[in-house]
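Grab a pencil and work through these exercises with the structure in view. Try each task yourself before you read its solution.

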Amino acid sequence: VELILVARDQRGQVAAGANFIAFPHARAVTVNLNYVFVAPAWRGGGVFRWLVQAVADVAGAMSEAGAPLLIFVEMNDPLQLDPEAYELDSRHAGLDQFDRLRIWDRLDCRLVDFPYRQPALSPGQHPEEGLLYGVLGARENHLDPCLLEAHLERFFAISVLKGRDARTEPTASRQLIDVGGLCARQTPIRLLSIRPACEAVAAGLAGEAGALLEVARRLADGT
């Protein structure tokens, strides 16, 4: 189910909104939060947290009470943006790239330790390789690979590929094969904290890491 939530102020002006798609599974519901925004005048007052909770409440109504609800979100990896793209996106959002990650961290969003790539949105475009994949609502420090496989296959096919078979698109297929192998072996996928990685970069302790996920991995491994 794909849904749009819109929050309006007393004058009927749009204050915030979200677009998301929700998938019920046998023992859980997964959500991909495709787009979320808060108008500048409403930032800093808890509206973003309220909006994410509203998404969770709507999606949670699709499952039995107490069933796990996981919200997945794509995030820019600041370390993979060139200076021009970094400045352009930050100016467009009115928010620095690292500050955006810190906001997600305050909601206990964690990084999925998996080489996520967004497939090309159309045949004339290229895959997006500069993204992090995060998840909110996980009760453990790891993720069921079978659940991630089921989620990604549906998300890719519906939201990204607009009805095309995800198993026939190279970028999507490669990821589904990889996560499917983890599912077959019952190998959990780690969930990593965002904040320590951001702090390491800010302190100049990230070395020559080319991706924030790499920094998070090093910190988790103690290397």
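**Exercise 1.** Work out what share of the contacts in the chain with a separation of 6 or more comes from residues 24 or more positions apart.

*Solution.* Start with the term: a contact means heavy atoms within 4.5 Å. Next, keep the contacts with a separation of 6 or more; residues 24 or more positions apart account for 65% of them. Before you go on, note that this is a predicted model, where local features need pLDDT of at least 70 and side-chain atom pairs count only at pLDDT 80 or more, while totals for chains, interfaces and linings use all residues. Residues are numbered from 1 along each chain as its sequence is written, and side-chain values use heavy atoms, with hydrogens and water left out.

**Exercise 2.** Count the helices and strands, then find out why the chain can be called as compact as a globular protein of its length.

*Solution.* Helices (H or I, at least four residues) and strands (E, at least two) are DSSP runs, numbered from the N terminus. The chain has 7 helices and 8 strands. Its radius of gyration is 17 Å, close to the 17 Å from the globule rule for 223 residues, so the chain is as compact as a globular protein of that length. That radius is taken over C-alpha atoms, and the rule is 2.2 Å times the number of residues to the power 0.38.

**Exercise 3.** Trace how strand β2 is paired with β1 and β3.

*Solution.* First, locate β2 at residues 14-24; 9 of its 11 residues are buried. Two strands pair if DSSP finds at least two bridges between them. On one hand, β1 (residues 2-8) pairs with β2 in the antiparallel sense over 7 bridges, and Val 6 sits opposite Gly 17. These two strands make a hairpin with 5 residues between them, and Gly 12 in the turn has a positive phi of about 90°. On the other hand, β2 and β3 (residues 29-38) run antiparallel, joined by 9 bridges. Here Ala 22 has Val 31 as its bridge partner, and the hairpin goes through 4 residues.

**Exercise 4.** Find out where Asp 105 lies and which residues it touches, leaving out those up to four places away in sequence.

*Solution.* Look in helix α3, residues 97-106: that's where Asp 105 lies. With those sequence neighbours left out, Asp 105 touches Ile 194 and Arg 195. Finally, check Leu 136: it is 31 residues from Asp 105 along the chain, and their C-alpha atoms are 9.3 Å apart.

Technical notes: Buried means under 20% relative accessible area, exposed over 50%, partly exposed in between (1.4 Å probe, protein chains only).
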